[in-house]
Amino acid sequence: ILNNLTITIVMCSLLKKLIPVEKDRKLFGAMVVVAANAGGVWTPIGDVTTTMLWINNQLSTIPTVTELFLPSVVCLIGSLAF
């Protein structure tokens, strides 16, 4: 299951290999943390609570992704502005 912590660890490991400049890597690392937590990865398997709701047919994939995408982007842009 992809949760916020897993995504953050995997993406930060990738950033260490892909971005050589430490200052840039810190910026992108912050973006990863904010994005992962702002929308939880915005999938029905993003965390335990969402998984439980998904299994009980109380939410579905497409509406979850489409409804949470914009708020996630707004949180990311707002965080980067500061």
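Biologist: How many helices and strands does the protein have?

Modeller: This is a predicted model in which local features need pLDDT of at least 70, side-chain atom pairs count only at pLDDT 80 or more, and totals for chains, interfaces and linings use all residues. Residues are numbered from 1 along each chain as its sequence is written, and side-chain values use heavy atoms, with hydrogens and water left out. Helices (H or I, at least four residues) and strands (E, at least two) are DSSP runs, numbered from the N terminus. The elements run α-α-α-α, and the count is four helices and zero strands.

Biologist: Is Thr8 buried or exposed?

Modeller: Thr8 lies in helix α1, residues 4–18. Buried means under 20% relative accessible area, exposed over 50% and partly exposed in between (1.4 Å probe, protein chains only). Because its relative accessibility is 15%, Thr8 counts as buried.

Biologist: Which residues does Thr8 touch, not counting residues up to four places away in sequence?

Modeller: Contact means heavy atoms within 4.5 Å. With residues up to four places away in sequence set aside, Thr8 touches Val32, Val33 and Ala36.

Biologist: Is Leu18 buried or exposed?

Modeller: Leu18 also has its place in helix α1. Its relative accessibility is 62%, and therefore Leu18 counts as exposed.

Biologist: Where does α4 bend?

Modeller: Helix α4 covers residues 61–81. The bend at a residue is the angle between axes fitted to the seven residues ending there and the seven starting there. A proline, Pro71, follows within four residues of the bend of about 30°, which is at Phe69.

How values were computed. The expected span of a helix is 1.5 Å times one less than its number of residues.
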